Amino acid sequence: MIKDNLSQVRARIDAICSKLNKNPAEVTLVCVTKESSIPQILEAAQSGITDIGENRIQDAWDKFDLVSQKATLKWHMIGHLQTNKVRQALKIFDMIHSVDSLRLAQELSKEAQKINKNIDILIQVNSSGEKTKFGIKPQDTTRLINDIANLKSVSARGLMTIAPLVDDPEKTRPFFRSLRVLRDRIADEFKGSPQVKMDYLSMGMSQDFEVALEEGSNMLRIGSLIFKKN
Ligand SMILES: *Cc1c(COP(=O)(O)O)cnc(C)c1O
């Protein structure tokens, strides 16, 4: 079932990519496993999933050892991260999508340095301005990245956003588009910086990934479409 769901998702990604003349291999599909069991995660891995996303440290922690014994995956932290959970996060995750303050970036750098690691991060931008959402304001993003560029053990690899939940996915388009514009501008500004490489745009979930792809996403975070029961 997971296998079938996944082929359907991939077919939809391929269709958009072919329309855009884009190579689907350049789009990373992060399978969001926050509501999934260990057997389900392993089934997804057997069906070709290489990247998974969790939004709570505790849940990821509970699954990490058992999953890692059986499948080598890239782990993405997609939820809000508190500074006191940074050390734990660094043991699990290959990429943190939710950095939205200098304090968090500094803590990540400090703890990563202690264990001789360099951690890839994305800056979470609150592109819709909703009060309930985490993320830095679009207009403050460049300054944050400028500060992060001075940190030793983090690499800024791009931007992430969560679009508002709307009835019509088309309504998410302006938020995705503005994130892409912002990313392009920052990429230009930081060209040549060793710690800033704006190559990822993490946007698009089950509801809105097709619109996100059309607007330049190359990292999709999809959960419910993959794990839904048929
Ligand atoms: C849950 C979650 C997703 C996946 O959402 P689906 O609608 O299940 O595809 C993506 N991104 C974040 C940050 C999430 O918390």
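Predicted model: local features only at pLDDT ≥ 70, side-chain atom pairs only at ≥ 80, totals over all residues.
**Entry 1**

I began with strand E2, residues 51-54. Which way do its residues point? Asp51 and Gly53 point one way, while Ile52 and Glu54 point the other way. I noted that all four names carry the label buried.

Next I looked for the strands beside E2. Strand E1 (residues 28-32) pairs with E2 in the parallel sense, over three bridges. I found that valine 32 has glycine 53 of E2 as its bridge partner. Between these strands the chain passes through helix H2 (residues 38-46), and this β-α-β crossover is right-handed.

Strand E3 (residues 74-77) also runs parallel to E2, and four bridges join the two. Here I saw isoleucine 52 standing opposite tryptophan 75 of E3. E2, helix H3 (residues 57-70) and E3 together make a right-handed β-α-β unit.

**Entry 1: helix H2**

I then turned to the helix between E1 and E2. Which residues of H2 are buried? They are Ile41, Leu42, Ala44 and Ala45. Seen down the axis of H2, these buried residues fall within an arc of 155 degrees, so they line one face of the helix.

The face turned away from the buried side carries the exposed residues Pro39 and Gln46. After H2 comes glycine 48, with a positive phi near 105 degrees.

**Entry 2: helix H3**

How far apart are the end C-alpha atoms of H3? I read 20 Å, which agrees with the 20 Å that its 14 residues should span at 1.5 Å a residue. I also noted a kink of about 45 degrees in H3, centred on phenylalanine 64.

The buried residues of H3 are Ile57, Ala60, Lys63 and Val67. What covers them includes H2, E2, E3 and helix H4 (86-92).

For helix H6 (residues 141-148) I listed the buried residues as Thr141, Thr142, Leu144, Ile145 and Ile148. They line one face of the helix, because their arc seen down the axis of H6 is within 160 degrees. They pack against strand E4 (95-99), helix H5 (102-114), strand E5 (119-124), E6, helix H7 (173-189) and strand E7 (196-202).

I picked out alanine 156, which lies in strand E6 (residues 154-160). Is alanine 156 buried or exposed? Its relative accessibility is 0%, so alanine 156 counts as buried. Leaving out residues up to four places away in sequence, alanine 156 touches Ile121, Ile148, Gln195, Val196, Lys197 and Met198.

**Entry 3: glutamate 215**

My last stop was glutamate 215, in the loop between helix H8 (209-214) and strand E8 (219-222). Glutamate 215 is buried, because its relative accessible area is 7% and the cut-off for buried is under 20%. Which residues are in contact with glutamate 215? Setting aside neighbours within four places in sequence, I found Arg173, Phe176, Arg177, Arg180 and Met203.

How values were computed:
Residues numbered from 1 in each chain as written. Heavy atoms only, no water. Buried < 20%, exposed > 50% of the residue type's maximum accessible area, 1.4 Å probe, protein only. Pairing = 2+ DSSP bridges. Right-handed = clockwise from strand over helix to strand, strands pointing away. Expected span 1.5 Å × (residues − 1). Bend = angle between axes of the 7 residues up to and from the residue. Contact = heavy atoms within 4.5 Å. Arc of directions from axis to C-beta.
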